[in-house]
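Welcome! Take a moment to turn the model around on your screen, and then let us walk through it together, one topic at a time.

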Amino acid sequence: MRTLEQTTAEVLQLACTHFKVPAGSLAPEDDFFKKLGIDSLQALEMLTRLENHFGIELPDYELQGVSDFRTLASRIQSRL
Amino acid sequence: MLDLSGYSSIGAALQDALETYAPEICLIEADRDRENHRLTYREFKKRALPLAKALQEAGFGSGDRAAIIMTNQSKWLISAYAIFFCGGVLVPLDFKLTPGEHWQLLKHSGSSVLITEHPIWRQLQGDTSGRAAACNVRTILVTEAPPGDDLAGAQRWEDFRVQSKPSFVPRQRKDVASIVYSSGTGGRPKGCMMTHENYLEQCVALTSVYPFWPGVRYLSILPTNHAIDFMVGFFGPFTCGATVVHLRTLRPEYVREAFAKYKITYVSLVPLVLKNLQKGLQARFDELSPGKRRVFDTVVSLNKAFTKDRPILPLSRMLLKQVHDAFGGQLRAIIVGGAFTEPQTLQFFYDLGIPVANGYWLTEAGTAITVNDLKPFRADTVGKPLPGMEVRIVGSDAEGVGEVSVRSKTVMSGYLDDPELTAETIVGGWLMTGDLGRIDDYGHLQLFGRKKNMIVTEEGKNIYPEDIEAAFESLPVKEFCVFAANYVWPKRSMVGEQLMLVLRLEPGQSLTDDLRRAIAERNSRLLNYKRIHGIVLSKEDFPRTASLKIKRSVLAERLAMLDRAAAVLPL
């Protein structure tokens, strides 16, 4: 079982790969809309990638009101 | 042509449709690549009536209000029909709001029943003070709750059924059918009271331009709480025996798949989703080899030439078969509105033989005011008024641009519990939209910006600056307020809408990094589409009324004297 820290680190790594930004350039507290300049649909695309990686299903609704990687990771963690 | 003149309510029209089209498929619910449900009109009725009976036994009756907070799914529509069957008033709430905002609107609407989904209920439960304040909500039904989960006073939607026959409760055309919140979850909720007549008339008008019939499949991906999806993703198709396809995710890859899998006829989109589809297609075209690209461009040019005056779907489907096949090969129109769509995006699709019906939607007007009838296609306008819609321009300038006003049987009866705002908005029977427009020589409406202090996002969300000021409370400055930049500095444009925070600093205070951080931190608590994008420093105290309310129009006039580019500081 992953710890929340591990899940967060994997979320950050996957986001870097998905949005083609340098590894390590994102932090848990970053607002991904602002930092990556993405819209809500692009955030949903990232969610699919995260689902495939973690082997879970995360309803779109789980992204409501979430804008930082740490909260996103905790939503994933609760379904692992 | 659809005739609903014999019906006095949504419930009555739907009741007949469920009988008339009993063996037809009314609803398909899909989630990702799975199909959850496929219901005929007969099965839909069988699921709705036991819910209606249970609601009646719980004391829900004529004129009582029931709120739905759900994502798009079959139980949304089943619940809505049960509410109308009981003579109730539907309160469709945006599931994307925060729990605090939900409870506020549940209280404001006076809803006695709440129907919601388990993940949403989990979050609503967390706001105990919000729940305590909304004590009017007595019956709470939760769908898809895991077995054994403590629902904290709510009941399982799936178990809330009584098998004996419910009594249909008739309503009159002028009775309120639904309270739709167009925006304003802050200090002044704007609950549009829509009558049964509003919906019956709008349905006839819209289907006269874009008809439904058994076999038509409408892809419902806009939230059904949106007035447009309620109309073209529920009431319109159901009264005509068509099929609604619900997709429980907005993820672009599944949206693209759904077109082909379910051979979709119509879809309504907001500009953000349309642009995403455009981006996906453009990426595929860019991957073509130079030779194939030349052939493709030639075929597109041919299609453009043939469809200059009107769409010729069979020809376009033949010429651009692969593109149309990717959309299922049956798509008749993409209906888009609710926010400004860039003409080049509309033209991109039309050139491929996929008509995009650009329209002008406003909840207060009963959804669509104008829509492009594609005779011919115009990318630069929002189309012509629908039948039964009178549109006039008030206070027009030398170029014919003024405030768009609308008179129609589809216009709401008013804002719930806000006669003052109603009187400001509906003047002498005309709905003042606050949007600036012009009607051209061909009867098409062109929009040029807004007269009121608000913005509309690409996702079609109306944001009133006043409603987000609470997020900046306790900011260590003398005073502050939020404005739409285009309201202060009017532009003849619907693009580049942004919110800005206007600050009046204390004497000797400056915009330090600490203050910027305090602003950024509060801004980040707002949902991303409600965030401010810049700061303006006011050199004077804000003008205020005797009761100390900010005189916004006077302040806006003062700010307008500043140069926008220099005055708006980045966050």
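Into which domains is chain B divided? Chain B has domain 1 (10-261), domain 2 (270-450) and domain 3 (464-570). Please keep in mind that this is a predicted model. The points below begin with each chain as a whole, and then turn to the details.

**Chain A as a whole**

- Chain A has four helices and zero strands, and its elements run α-α-α-α from the N terminus on.
- Its C-alpha atoms fill a box of roughly 30 × 25 × 20 Å along the principal axes.
- A compact globule with 80 residues would have a radius of gyration near 12 Å, and the 11 Å of chain A agrees with that.
- Of the 80 residues in chain A, 24% count as buried.
- Take the contacts in chain A with a separation of 6 or more: residues 24 or more positions apart account for 56% of them.

**Chain B as a whole**

- Chain B has 19 helices and 28 strands.
- For 571 residues the globule rule gives 25 Å, and the radius of gyration of chain B is close to this at 24 Å, so chain B is as compact as a globular protein of that length.
- The C-alpha trace of chain B spans about 75 × 65 × 50 Å along its principal axes.
- Buried residues make up 49% of the 571 residues in chain B.
- Among contacts in chain B between residues at least 6 apart in sequence, 70% join residues at least 24 apart.
- If you look for domain 1 of chain B and domain 3 of chain B, you will find that 38 Å separate their centres, taken over C-alpha atoms.

**Where the two chains touch**

- How many residues does each chain bring to the contact? Chain A gives 15 residues and chain B gives 18 residues.
- On the side of chain A that touches chain B, helix H3 (residues 40-54) of chain A supplies the largest share, with five residues.
- That side of chain A divides into five nonpolar, five polar and five charged residues.

**Around strand E13 of chain B**

- Strand E13 (residues 333-336) of chain B sends B:Ala333 and B:Ile335 one way and B:Ile334 and B:Val336 the other way. Are these residues buried or exposed? All of them are buried.
- Strand E12 (residues 266-269) of chain B pairs with E13(B) in the parallel sense over four bridges, and here B:Ser268 stands opposite B:Ile335.
- E13(B) also pairs with strand E14 (residues 356-362) of chain B, in the parallel sense over three bridges. In this pairing, B:Val356 is the bridge partner of B:Ile334.
- Follow the chain from E13(B) through helix H14 (residues 343-351) of chain B to E14(B), and you trace a right-handed β-α-β unit.

**An open sheet in chain B**

- Four strands of chain B form an open sheet with mixed pairing, in the order E25-E26-E27-E28.
- Why do strand E25 (479-484) and strand E28 (569-570) of chain B each have one side left without a neighbour in the sheet? Both stand at the edges and each has a single partner strand, so there is no neighbour on one side.
- Strand E26 (residues 499-504) of chain B and strand E27 (residues 534-537) of chain B pair in the parallel sense over four bridges.
- To find this pairing on your screen, look for B:Leu501, which stands opposite B:Ile535 in E27(B).

Terms used
Residues are numbered from 1 along each chain as its sequence is written. Chains are lettered from A and ligands numbered from 1 in the order in which they are written. This is a predicted model: local features need pLDDT of at least 70, side-chain atom pairs count only at pLDDT 80 or more; totals for chains, interfaces and linings use all residues. Domain bounds come from an automatic or database domain assignment. Two strands pair if DSSP finds at least two bridges between them. Helices (H or I, at least four residues) and strands (E, at least two) are DSSP runs, numbered from the N terminus. Two residues are in contact if their C-beta atoms, placed from the backbone, lie within 7 Å. Ala, Val, Leu, Ile, Met, Phe, Trp, Tyr, Cys and Pro count as nonpolar, Asp, Glu, Lys and Arg as charged, and the others, Gly among them, as polar. The radius of gyration is taken over C-alpha atoms; the globule rule is 2.2 Å times the number of residues to the power 0.38. A residue is buried if 20 or more other C-beta atoms lie within 10 Å of its own, exposed if 12 or fewer, and partly exposed in between; C-beta atoms are placed from the backbone. A crossover is right-handed if, with the strands pointing away from the viewer, the path from the first strand over the helix to the second runs clockwise.
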